[in-house]
Amino acid sequence: MKKLKGKYLQVRINGHTVALSSNCTLQTTTQYSSDEKTKDEEKGPGNDEAEWVDWTMSVDALMGISRESQLTHAQLLEYQLALTKLDVELFLVEDGDGEVPEGDWTPDLAEQWGFARFGGKATIESINTNGPNDGKASFSANLKAASVLKKIIA
């Protein structure tokens with residue numbers, strides 16, 4: 001039995017991962033429409049039509065720099081303020097057991113552990129910055145879909 005370590009999953013934004021990331025998520029939600037229902041139709045599960053899949057990604061990170069090629073809080077905030085549409089993906093790194101390689105994490109092009117790369121266009125919906133009294137400064141960036149989510153074939 002093979003289990004995928006969470007460290008191997010990364011969010012990449014415009015070809016770069018976020019420096020010092022500690023967590024990432026991809027959430028998908030099927031959107032249904034019941035706008036065309038009549039009063040004569042049965043109500044309840046199974047009667048609405050699935051129309052599309054909405055999605056969001058997020059990344060949590062400590063404030064700082066790991067490699068010059070990785071994205072920082074300041075760069076992500078600049079993208080948000082400019083309302084930039086970004087290329088984003090959730091991917092599996094080639095070797096997640098070690099430190100960040102020179103340059104940045106390299107995507108593993110194989111589908112393994114039941115995982116495949118998915119991505120699309122997104123904008124930064126929110127950035128939550130945290131500066132606790134004790135501990136390290138951190139932030140979370142939430143990305144909102146600006147296109148359909150697609151499987152990335154290498």
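Q: With which residue does the side chain of S58 make a polar contact through its side chain?
A: This is a predicted model: local features need pLDDT of at least 70 and side-chain atom pairs count only at pLDDT 80 or more, while totals for chains, interfaces and linings use all residues. Residues are numbered from 1 along each chain as its sequence is written, and side-chain values use heavy atoms, with hydrogens and water left out. A polar contact is a pair of N or O atoms within 3.5 Å; within protein, one must be able to donate a hydrogen and the other to accept it, and residues adjacent in sequence count only if both atoms are side-chain atoms. At 2.4 Å, the side chain of S58 makes such a contact with the side chain of T25.

Q: Does S58 count as buried or exposed?
A: S58 has its place in strand β4, residues 49-62; helices (H or I, at least four residues) and strands (E, at least two) are DSSP runs, numbered from the N terminus. Buried means under 20% relative accessible area, exposed over 50%, and partly exposed in between, with a 1.4 Å probe and protein chains only. With a relative accessibility of 12%, S58 therefore counts as buried.

Q: How far apart in space are the C-alpha atoms of S58 and N23?
A: Contact means heavy atoms within 4.5 Å. Leaving aside neighbours within four places in sequence, the contacts of S58 include N23, V11 and A141. S58 and N23 are 35 residues apart in sequence, yet their C-alpha separation is 8.2 Å.

Q: Why do the buried residues of α1 line one face of the helix, and within what arc do they fall?
A: In helix α1 (residues 73-81), the buried residues are H73, L76 and Q80. The arc is that of the directions from the helix axis to the C-beta atoms. Seen down the axis of α1, the buried residues line one face because they fall within an arc of 70 degrees.

Q: Which exposed residues does the opposite face of α1 carry, turned away from its buried side?
A: The cover over the buried residues of α1 includes β1 (9-13), β6 (118-130) and β7 (138-145). The face turned away from the buried side carries the exposed residues E78 and L81.

Q: How many residues apart are K5 and D97?
A: A salt bridge is a side-chain nitrogen of Lys or Arg within 4 Å of a carboxyl oxygen of Asp or Glu, and the structure holds six. One of them joins the side chains of K5 and D97 (3.1 Å, N to O). K5 lies in the segment before β1 and D97 in the loop between β5 and β6, so the pair links parts of the chain separated by 92 residues.

Q: Which strands are tied together by the salt bridge of K121 and D87?
A: The side chains of K121 and D87 meet at 3.0 Å, N to O. K121 has a relative accessible area of 32%, and D87, at 40%, also counts as partly exposed. The pair ties together parts 34 residues apart in sequence, because K121 and D87 lie, respectively, in strands β6 and β5.
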